Amino acid sequence: MSSSSSLPIGSEPNNKKRCRSEDDEQLQQLQEDRKSLRIYRYRDALLDIVQRNQVVIICGQIGCGITTQIPQYLLETGYGKEGKIGCTQPHGVVAVSAASRVSKQVGVELGHEVGYSIPFEDCTSEKTVLKYTTDEMLLHQLYREPDLITYSVLMVDGADERTLSTDILLGLLKDILRFRTKLKVIICTGTTDHVEKLSGFFNKVPIFKIPIRMSNGHTIEYIKAPVADYVDVAIDTVLRIHATEPTGGDILVFLTDHEEIETAEEELKLRAGLAEELIIYPVHEYLPAELQAKVFEPTPQGHRKVFLSTVAIDGVKYVIDPGFCKRKCYNPRTGMELMQVARISKATALQRMLVSERGNRTAPAKCFCLYTHCTYDKDFSEITVPEIQRTDLANAVLRLLHLGVDLSQFEFIDPPPAEALTKASEVLFILGATNTEGELTRVGVQMADIPLHHMLSRALVASIEYKCSAEVISIVVMLSSGDASVFCRRGDKAADADNARLHFQSENVGDHIALLKVYNAWEELLEKVGIKLTSNLDNLESIKKAITSSFLPHSAKQQINGSYRTVKEPDSPSIRIHPNSGMAQVLPRWVVYHDLVPTTGEYMRQVTEIKPEWLVELAPHYYRLEYALDVV
């Protein structure tokens, strides 16, 4: 008989007691950490203003605890008994990290009482009462639940970023609040950007400001002269911090996108040499879930983490800010949407400076600004331009029409350019998603049910007619996911990732295990929206027609000088096929392309050769017979 079996009734083995004691100590420490957050002193005042108002705006710097603590205060006060407490984020990686941290603080398993839902990953259950999600995912939930009746409180976090999804969500919530009088909405911002405008949009609702803390020990350093390569300077600064500053403080480097992060990661590993105590973590939207989880694990004793990130990471001691971000820029006249590196606003710069404030509990925190004070004064705008004023609106218009919204009556926080709305309506008409009255067609309803870019969802719908959905779905997975989300190209595995990409581009589409998983996820989605998978690999023309039907606005014809120009857009700029395309040497006369990338000029990526008569066949309501006769 084991020793444990002879224990008195009600007792338990010492090892179990020890584990329980350690868990209790850890939970107690987490509660003490919660009380040390600056937001804790305002807990009662925050709950009071929420109780007295249907809509409240809360403004507080990153690190004060808004994202993780306010939902817990609501849960502790009993708001979860009336329905779910939802917290939306512009970025999926933030939703995952916040849910993980809160589940530990509450003392529950992630996915049970506390969970998250992001694109392609749902970590919730029937027990979930506190749910972190993205704005985009909540918008899609509105199709099934137009009144969001399962929620008692919705907290829209990161509203100062003014993403397209955030603005559309806030506009819809304003309408929902008219008949859901008991629903509470809390709008949170990390900067003072747009706070007064947001308050006015919701009829001058109260603003609760958590005072900015800037202690005497917090140092902000500006460089003395502009730099040519801020990534290189950022790496130099990381190594200088690691060599001269005390061990025990993590470093956050703000970069613009995953490609820039991967470049910096490889260079930093190369130059760090034998500094094994330096742990480098890339943080971006394309990072696989298992790597995202590792980012937020405690830093090992005697080590220092370096976060190369597109978003803020709480709890760091040192911040390196080049002062740039990637921003969408859209020209409705040409239909071209590009991601361009741009200066951040002054409000965002201040937010980044204060990320390192929590390091003050052990030693003074520091922010290294890789721009001059003069550059900050002259080149940084006061506030961030809302995405709705600089992006393609076709997808947003499609979603709003599907929700039964009258665009002429919809209230925008900042109205989009009329030209952009007109272009969006034109694109949806070309794709057959709307009729001449601007109403959704059957095709448009199917497109809206699929949470994809409107052109990609159109390809999936067209694949039904051409009986090639199995092939088209594989193509759509590649185009919608982005290279980095399918293949994580880390420095030590770069060659393997490159080989996998070559294999992916071969005829054996979908054989790689990662793509198979994505494929299976999309297969389940398509079955839900009534698309039956069919295969037609022997007829490549059918597959090309399905793709062409979705990218009609991206059809182009070769010019005499070898460049291309968008069909029916005589004023559009000259574009060329990207050198990495398989069509770069072929130079077909008629093509469709996925998107444009700016380098020394504008280059088409993911190019397919087409026949001009397909344009008339697929969109006779828009293209005329002279296109099939090769007359422009």
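Which residue forms a salt bridge with Arg 271? The partner is Asp 236, with the closest N and O atoms 1.9 Å apart; a salt bridge is a side-chain nitrogen of Lys or Arg within 4 Å of a carboxyl oxygen of Asp or Glu. This is a predicted model, in which local features need pLDDT of at least 70, side-chain atom pairs count only at pLDDT 80 or more, and totals for chains, interfaces and linings use all residues. Residues are numbered from 1 along each chain as its sequence is written, and side-chain values use heavy atoms, with hydrogens and water left out.

**Salt bridges**
- The count of salt bridges comes to 23.
- Arg 271 lies in helix 9 and Asp 236 in helix 8, so their pair ties together parts that are 35 residues apart in sequence (helices are DSSP runs of H or I with at least four residues, strands are runs of E with at least two, and both are numbered from the N terminus).
- Lys 545 pairs with Glu 617, the closest N and O atoms being 3.1 Å apart.
- Lys 545 is buried at 13% relative accessible area, whereas Glu 617 is partly exposed at 43% (buried means under 20%, exposed over 50%, partly exposed in between, with a 1.4 Å probe and protein chains only).

**A buried lysine**
- Lys 184, in strand 7, is buried yet has no salt bridge.
- The side chain of Lys 184 reaches the backbone oxygen of Asn 53 at 3.0 Å.

Key:
Lys, Arg positive; Asp, Glu negative; His and termini not counted. Polar contact = N/O pair within 3.5 Å; in protein donor to acceptor, adjacent residues only side chain to side chain.
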